[in-house]
Each structure stands twice: as C-alpha cells, then as structure tokens.
Amino acid sequence: MLSPNLIFLTSLAYVALLFMVAFLGDRQARSGKASWIQSPVVYTLSISVYCTSWTFYGAVGSAVRNGLEFATIYLGPTLVFIGWWFLLRKLVRIGHMHRITSIADLISSRYGKSTSLAVLVTLIAVIGTTPYIALQLKAVTTSIQVIVASDPGNLANPPSSDPANEMAFWIAAGMALFTIIFGTRTIDANERHHGVVAAIALEALVKLFALIAVGLFVVFALADGPADIFSRDAARILQTEDMFDARWIALTFLSGIAIICLPRQFQVTVVENTGEDQLRMASWLFPLYLLLMSLFVLPIAIGGLTVLPEGSNPDMFVLTLPMSVDQDFLVLLAFLGGFSSATSMVIVASIALSTMISNHIVMPIALRTPWTSIERSGDVRRLLLISRRISIGFILLLGYLYFRLSGKSDALAAIGLIAFAGVAQFLPSLLGGIYWKRATASGAKLGLLAGFLLWGYTLFLPSFEGDLLLSASTIEHGPWGLELFRPQALFGLTGQDPLVHALFWSLATNTVLFIGGSLLFEPKPLERLQGTLFVDVFRTPAGDEHRFIQRSASAEDLFILAQRILGSNEAQRVFREFAEGQGLEGDFPQPTDAFIAHLERRLAGSIGAASARAMISRIVSGETISLDELMRIADETAQLMEYSQEVEKKSLELEATARELRRANQRLTLLDAQKDDFLSQVSHEVRTPMTSIRSFSEILLETRDLSSPQSQRFLSIIHEESLRLTRLLDEILDMNLMDRGEASWNLHELDAAVPLIRAIESCRGLAQSTGSAILLDEPLPSALVDADPDRLQQVVINILTNAIKHNTSPKPEVRVSGKLINDQYEIEISDNGPGIPSHLRPFIFEKFQRGAAQSSTGGIGLGLAISKEIMKRLGGTLALIDDRRIGTCFRITLPAKRVPPQQQEREAG
Amino acid sequence: MTTRVFIAEDEPNILESLSFLLGREGWEVTSALDGDSALEQLNDGALPDVVILDIMLPHRNGFEILRQLRASPRTRELPVIVLTAKGQEKDRKTAEEIGANAFVTKPFSNKDVVDQVRRLAGL
C-alpha cells in the first residue's frame, strides 16, 4: 500500500530530475557542447509528446469500450510520418526560413502576416487545447486518488470530491511553475527550448518503459504468456464486426491531422526542429515508438477484465492491475509513466499556446494602445516574458476550470477527440497555404471561423454536462425546438456518431468556404508574396521579400527597436554581423531593404510575423510594396512556366503549320505530276485513234485504185476510231465533272436488280460478237436501294465490257451473281480471262491504268476510276477480289433498305 | 532485193495502215504486236532494212528494245524509226540518245513515214 506522502515525494523527486535534465540541457546547448540534444533520437522522442495520459491510461479504456478502435490514434500519425513526410519536410523548411514561432504564426504569416488571422487561430488553439489540458489534470488526479484509496472496492468508482479538485489545482499550479521556469527563459522561439526538449525526451522514455513494464507483468506474471492472455474470454473485446466503419476512418483521419495541427505537435515537430535531416529518422522511429506504446494495450485490457472486479474503471487498468497484487514498485512506475505523459503534454502545449497568446494577442494590443509605455521607456522583451508567464498560468487555469465544469464521468478518450476535432480546423488553411498560391486570408478566415463555430456547436458545447452551456433539451430537440439545428444531428444528418457528424460538418464547411473565399477575394500583394514564398519554399531563397518591398529607415531607429525585442546584446550581434556581411567596419549596417527584411524576420522569430511587421512598419518610411515588381517576380516561376509552355505551344503550332505546308506542298507536287501524267495519258489516248483516222483518211484521199471492200474497211476503221475518240472525250468530261462534284445524279428508290438486268442485256451483243457467255448462276435477288439507275448500269456495263473484251480464254465466260448479306446488296462479276497481273492490281482504279495492257481493244484507263467513284457516291463500294487463281473478279456492294414483297425470278440468258 | 521493213506496233488499226502504206511501195513488211515477240523476231530472224518501233508496247517498251538492239553487234547499225503517241520532247531526246535514226510522232503523215523509211533504206 502506497501512502500519499510517498506518491507526493516520488513525484517531487521526479520533477526535480526533470528540472535537472532541463537545466543541464539548456546549459549544454548554450555552451554548444550538447550535440545529443540535437540528435534525431531526442527529436523523435520529443514528438512522442503526442502520447499523453490519454494514450497511457485511456487507450486501455478505449480498447475495453470500443475494441480495436484505440489503434486509430496510433495509425493516423504513423501514416503521416511514413507516407506524408514530404509535407512535414515542407513545414519544417518554411518554419526555418520564416522563423515561424507557432502554427498561428505560420498561418498568419502565410496569409499576408494577418493579425486577425493569428488571433483567430490562437483562440481556436486555446479553446481546443483547454479540454486536453483538463484531461491531463484529470488523469493525474484520478491516478493519485486510485492509488491512495485504501479500499480496493473503491476502484470501481474513482472518488471525486473537493480534495480531488484541490489536488488538481495544485498539480496545475506545479505544472505552470515548471513551464514558466523552463519555457520562458528566452523569448525567441527560434532559440528553441533545448532544456524542455531534453526533459520531454526523458519523459517519453519513462512512459514507454512504464507501459511496457506493466504490459510484461500482465502477460507473464498475471497470465502465462500472450497465448494465455488472448485465449481468455475477455479477448472478445477484439470484436471486429464494427471495425472500419465511418467512425474508424474518421478517427484515423483525425489523429493524422492532429499530429500536424495540434499546437504542441507543431511546436516539437516544426518549431523545435534543428535540422531537416532529423525528420529522416523520425519518419520511422516515431511510428516504431507508437507501435511499442500500443503493443500491450490489448493484453492489459484483457488482463484487467479478467483479474479485476466487475465494474472497475478501465481507464485506470494500467494502475489497478499491479495494485491488485500489491506490486508497489510497478504501481509507482506506472504512476510515473502517466505523470510523465500528462506533464510533457501540459508543458509543451502551454509553451506553444503562451507563445501564441503573447505574440498574437498581447503584442498587437500593446502595439495599438497609446505607445508611451513600450516605445519610449518600456522594454518589449519584458512585456513579452511577462505576458508569456501570465499566459501559461491562464492556460492552466482554463484547463482546471474545464476540469471542474466538464463533469466526472467523461471517458478520457472522448475529451481528447474533442480537442483533435478542434485543431483539425487548421488543416484546410495550413495545407492550402503551403500548396496553393491562390489561397487568401479571406478564405482562411471564413473557413476557420465557420469550422470553429460548427465544431463548438456540434461537439464542444454538448460535451459539457447538464444544462451548463447547452441545455439537454437543446441537444435533444434543437435550439427553440428547431429540429433542423439539433447540435448532434445538424440539417437532419442523423444516425451518425456525434464525432463523425461534427467532423463532417465543420471540416466540410471549413474547406468549402476556404476554397470559395480564396477564389472570390483577390489576394493582397503581401499575401501574394508570402504565398509564393511558402508554396515555392524549395525554390525561393530565404529573405527574398526585400526584392519586392521597398522601405527605408534609419539604422538607429532600427537598432532601438531591435534592442527592445531582442535585448541589447543580441541586437548588437545581429547588427554587427550584418554590417560585416556588407563589408562595413562599424556596428551599424546600411539600412538597406535586405537588412530591414532580415531584421523583420529575426524579430518575427520572437514575436511572430504579424507583430514584427507591425513594429517595423512604425519606424520605416516610404514603404511600398511594388505590385508590379511583385507580380513580375513573385509569380516569376509561374510566369516562366506559363511562358515556356506558351513558347512550346507556339513552336508546336509552328511545327504543325510547317508540317501542314510541307504536306500541302507534297500534295500539290503530286497533283502537278498527276496532272502532267494525265495530260500525257490523254494525249496518248487521243493520238492513238487519231493516228488511224489520219492515216486511213490520207490513204483514202491519195489512193485512187482502192477496191470497194478495202475502202469500206478503211472507212469503218475511221468510224470505229472516231467513236472511240468520242467515248474518250465523254469519259474525260464525266470524270472531270465527278471530280468537281458537279455530275448530275438521279437518285431514287429502286429495285437494284432492275438496272443490273438491263446492264447484262445491253452487253449481250458484245458478248455474242466475241463468243463469250454471260452466266447468271441464280436469279438476282430483289432489294430496294437508293441509287441512280443509269449510273449503276454504267458501272456494271463497264466491268462486263472489260471482262468480255480482255478475255483471251478459248471459251470465254463472264459470271454474274448477286446476294443480299446483312443489308448489303452484293454483286460479283468474274471472268475466266487472263486476270490482272499482280503488280498492276493496286493501280487498276487509278486513271489511265489499263489493266490488261496486252490487248488494246479500245479499253482506256478511265472506266474503272469512274466506276469506283460512282459506287462511292452511291454509298457503296467497288473492289477487286484478290483471291482468284483464274480470271478477274469484281465485287460491287450497295446498302439495301429492304426486300420487296415478291422475289422476282430471273434466269441466266 | 526487196526492201524489208519490220513494224512493232500494238494498235492493230495503226499496224494495218502502216502495212498498207509500206506494202504499196512494194516493200516487204513483217510485224509484231508486243515487245517480247518484236525483240525475238529481230534477234532470231533475218534482219530487216528498217525497223519502225512504237514506244508504248506491252511487255517491253520500245526504248528497251532499241537499247538491246544497239547493244548487240548484229543490230548495232540497224536503222530504227521510233514511233510515239506521246510526242513529248523528253521522249524524242531519249530516243536520240539511245541511237534512234528517226523519230515520228503520232498521228503521222503517211508521206513522212514513207520518206523516212526510204531515206534510211538508202533508196
């Protein structure tokens, strides 16, 4: 049985140890010896300030109540550190370059160093963190009460009474004292709290060690190893059927956001970071730490359910399990683990919040009030230190008040999640700010405000018990009975877990307003500048803003200002160093734009960007933010990219034009050659019959003794050749008309078989004269087509004529067949002639390509070209079928509409 | 000895008119309707005094035949009249370059053809 005094003394001794570590850390860091403080291991351990007493005690409680749900709290940060390290790296880089002091400073600085935005973020952070601090007080208080309770039966219901409140008050006061002593030794956040970080790292080891010790004790002393533990009835808490629902996803998401947005996490991850490469180790070591912290949660939960009496508070299993078997040392260790978790959170959170309050609320007020106290005689430094110390006290007082008000039955986890959801409101402005240049202060303000109000209404206010802030009837039926505005079922969104519900409405509204507001309102020049510097932080050298902001001030005024904020020594050092950099001998540098920008950033490291800017603005004259310059250079990258894209587009266009011209030129050259060719062909085709005509007519003219049959024959040749000439001219004209699209078409619906039969009939005479046979295997089917009957006839006659004329077979035959396939009327005309030599086949539809050049019986090269063109115009095709071993086969197709009712019977003649 | 003229021409009507013209002069006319048989007859048969060679012949065109004739010692000096329906300057030039003795464009004048044959036959 541990006595209250022992607990008190142990705590005191532990705090003394922390003091020593913090003190040593600070001193070593100052003397520049403490490389271990800047090691990535210490950095990672300090990030584990994430694991508060909620995680230490509450995870087991959460496992008992909701099964594996507790794992989400570890899963979210793990995903961020492993998968989103690039986001953390960008935050750290921005933090270094702009000497960011807090998450409020980052958001304010990004959106044009806006004071109002900084105030808003600070308020949300304070209100969001208060329940969290209350949670730590509650955890420590309860743990002490549990230990000192003499009757183990009391374990079921932790006592709560005035002594508890009193105890909580003194715990809060002690934490405030520690934080004030070590958290406000310097005011420059960029000088970092090495001592505090060292103490936090030690606490991280203590809580991990304690939890693992309790876990091992449960598994191997209370039970017979892991197998035994997990085989117990209580292992039913590993229910999985409700997993991966909306709440599960929301919790994972939420804890992932929290690891970035919680003020204390931002403090240790970004502000206290001393080198980007520290993140490299943190990206795996921190997830490993979380894994170890979560390893024994289930065994302890199962152990508690099996060993302890029914109704014991599961949030205290870590403590009550060793107590149940009087393992005093283990109880003490577990208590110290919980104590570490609570104190480290409270210390870091109150440092982060006090920096925000003093920089973003106290400073602006001081700057606005009549300036006498600070400007003439006061010391800003002192004001800052005092305001920070008071802020720390104020924050812990708020936490204590919440502890008193929030009731006694709240589970630890619920309070923590309320805080998570509150700070999650920073996410849109934060992410948008570092990845989206167009994001503006108006959008950020709108989004933050709306998200914060919705969070307060749907989650924070309902968390107070009783009728304290929101009456039970308001929660049940909405304000004034307006069901639509029920805090936990807003706009009729019922049936949701209150947390998922609140998270959905607040974050969705926040994001929509942030994006909408950003698009709607033009950014101010300074916002534009900061936007570029933040988003392009990896491309923009630090301190570039002096290129865009012109201002002048006397070096003396600047020095007085610097002295007030940085202190005399530090100010002298800053001025001397810059003067050296300028190659000057004295203590004062030239007050160039670059120096003013440098000094402003240096001051921002102490008092935040917005206040630093406000103070500098008071003593500089002729400040102009050159909008043109800004637009020109701030958007340099974007413009360069746009420009190069444009150039690329232009050159692509040019290239395309050149290509087109080249193609057109080739086409023209080809056309020209074709025209020459055509003329030469026409010339040849005309000259050939002309030769016979001229020669025979000369013979007839000159020769008087011609026999009558002779002159008859010669005359008939002349006649025949002049017909050939006429036909040639007709074809040339026809082709020309068709080429120019001027040929007349007499399209109408008709039975395709009719012009086909007519064409066959009109070729019978020619066939008889050469002894050929035209064979029709089957009657041609009837089908309605849209066609010009004369043109269709012309095509068939042309092909039939070729097939008859060029056929050198001893028993010349031409076969015609027709069929209807899938709405296509298909005619095949084949012969048993010599066929077309394969090297000529590709060209037969070109003008003046005489397929069977062997025979010159009047065939000229335009017929097939015309036929092909006709079929194209009729919506059909004409093709040479290439699969015949003997002869030639042409296939004509035409789209058919439908089959007329009666099939006409036709037989071959 | 009668003058012998060989005609290579694929248009039957033109061949008929040429045969009639030259036959009327008392000359002996032999002929071919395509390039291959023209070259075969000239290489294997008795040499004519004059050859009338159409350019646009199936299988083997007139220029090719003329080149072959000029390549062989037997026919190197054989007088050849090139007959063309294209009548382009380019053809005339090619014909001269590969050794045609005369160039006649279709449609020709009967008298012109007869005169050319007479000249080349040395009559």
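Residues are numbered from 1 along each chain as its sequence is written, and chains are lettered from A in the order in which they are written. In this predicted model, local features need pLDDT of at least 70, side-chain atom pairs count only at pLDDT 80 or more, and totals for chains, interfaces and linings use all residues.

Helices are DSSP runs (H or I, at least four residues), numbered from the N terminus. Helix α14(A) spans residues 297–307. Nine of its 11 residues are buried (20 or more other C-beta atoms within 10 Å of their own, with C-beta atoms placed from the backbone). The helix is therefore largely enclosed by the rest of the structure. Among the buried residues are Val297(A), Pro299(A), Gly303(A) and Leu305(A). Their cover includes α3, α9, α10, α13 and α15 of chain A.

Helix α13(A) also packs against α4(A), at an angle of about 170° between N-to-C directions. Their axes, lines fitted to C-alpha atoms over the stretch in contact, lie 8 Å apart. The two helices are therefore roughly antiparallel (angle over 145 degrees). Residues in contact have C-beta atoms within 7 Å. Here they include Tyr74(A) and Phe81(A) of α4(A), and Phe286(A) and Leu290(A) of α13(A). By class, this contact has 10 nonpolar (Ala, Val, Leu, Ile, Met, Phe, Trp, Tyr, Cys and Pro), three polar and no charged (Asp, Glu, Lys and Arg) residues, the others, Gly among them, counting as polar.

The contact between chains takes 18 residues from chain A and 19 from chain B. On the chain A side, α30(A) and α31(A) each supply at least two residues. The largest share, 13 residues, comes from α30(A). By class, this side has five nonpolar, nine polar and four charged residues.

How values were computed
Buried ≥ 20, exposed ≤ 12 C-beta atoms within 10 Å, placed from the backbone. Contact = placed C-beta atoms within 7 Å. Axes fitted to C-alpha atoms, helices over the stretch in contact; angles between N-to-C directions. Parallel < 35°, antiparallel > 145°, perpendicular 65-115°, else oblique.
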